[in-house]
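Please read it with the sequence and the coordinates side by side.

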Amino acid sequence: AGWYLDQLRDVRGSILELGCVSGRITRRLAAAGLGVIGIDRSAGMLAASAPRTWPALRADIAALPFVDGSFDAVLL
């Protein structure tokens, strides 16, 4: 996740990780103090990320439940 932290170092707002699966990267971003939200369509993968310290949402990335401009950065 070090590469992601380098890429996101200047982001001051919210970050969306699409396909966060078990939260391997999302967990490290949240631990670094970044405002990250994870999204995955698999309930099993989201369950595997518990307990978590970041918000996670079950949804399909083809039909995101957010309006344009909701996030300052998106990673996949």
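Leu16 is found in strand S1, where helices (H or I, at least four residues) and strands (E, at least two) are DSSP runs, numbered from the N terminus. This is a predicted model, in which local features need pLDDT of at least 70 and side-chain atom pairs count only at pLDDT 80 or more, while totals for chains, interfaces and linings use all residues. Residues are numbered from 1 along each chain as its sequence is written, and side-chain values use heavy atoms, with hydrogens and water left out.

Leu16 counts as buried because its relative accessibility is 2%; buried means under 20% relative accessible area, exposed over 50%, and partly exposed in between (1.4 Å probe, protein chains only). Not counting residues up to four places away in sequence, Leu16 touches Ile37, Ile39, Leu64, Phe66, Phe71, Ala73, Val74 and Leu75, contact being defined as heavy atoms within 4.5 Å. Leu16 and Pro55, which are 39 residues apart in sequence, lie 10 Å apart in space, C-alpha to C-alpha.

Two strands pair if DSSP finds at least two bridges between them. S1 runs parallel to strand S2 (residues 35-40) and is joined to it by five bridges, with Ile15 standing opposite Val36 in S2. S1 also runs parallel to S4, to which three bridges join it, and here Glu17 stands opposite Leu75 in S4.

S1, helix H2 (residues 24-31) and S2 together make a right-handed β-α-β unit; a crossover is right-handed if, with the strands pointing away from the viewer, the path from the first strand over the helix to the second runs clockwise. Within helix H2 lies Thr26, which is buried, with a relative accessible area of 0%. Leaving out residues up to four places away in sequence, Thr26 touches Glu17, Cys20, Val36, Gly38 and Trp54.

## Loops, salt bridge and surface

Ser49 lies in the loop between helix H3 (43-48) and S3, and counts as buried at 0% relative accessibility. Apart from its neighbours within four places in sequence, Ser49 is in contact with Val21, Ser22, Gly23, Arg27 and Trp54.

The structure holds one salt bridge, a term used for a side-chain nitrogen of Lys or Arg within 4 Å of a carboxyl oxygen of Asp or Glu. Its partners are Arg41 and Asp60, whose closest N and O atoms are 3.5 Å apart. Arg41 lies in the loop between S2 and H3 and Asp60 in the loop between S3 and S4, so the pair ties together parts that are 19 residues apart in sequence.

Accessibility of selected loop residues:

| Residue | Relative accessible area | Class |
|---|---|---|
| Arg41 | 58% | exposed |
| Asp60 | 32% | partly exposed |
| Leu64 | 35% | partly exposed |

Leu64 lies in the loop between strand S3 (56-58) and strand S4 (73-75). Ile61, Leu64 and Leu76 make a nonpolar surface patch of about 300 Å². Patches are made of residues with over 30% relative accessible area and no salt bridge, like charges being joined within 9 Å and nonpolar side chains (Val, Leu, Ile, Met, Phe, Trp, Tyr) within 5 Å. Leu64 thus belongs to this patch and also touches the buried Leu16.

Conventions
Accessible areas come from the Shrake-Rupley method with a 1.4 Å probe; for residues, only the protein chains shown count as cover.
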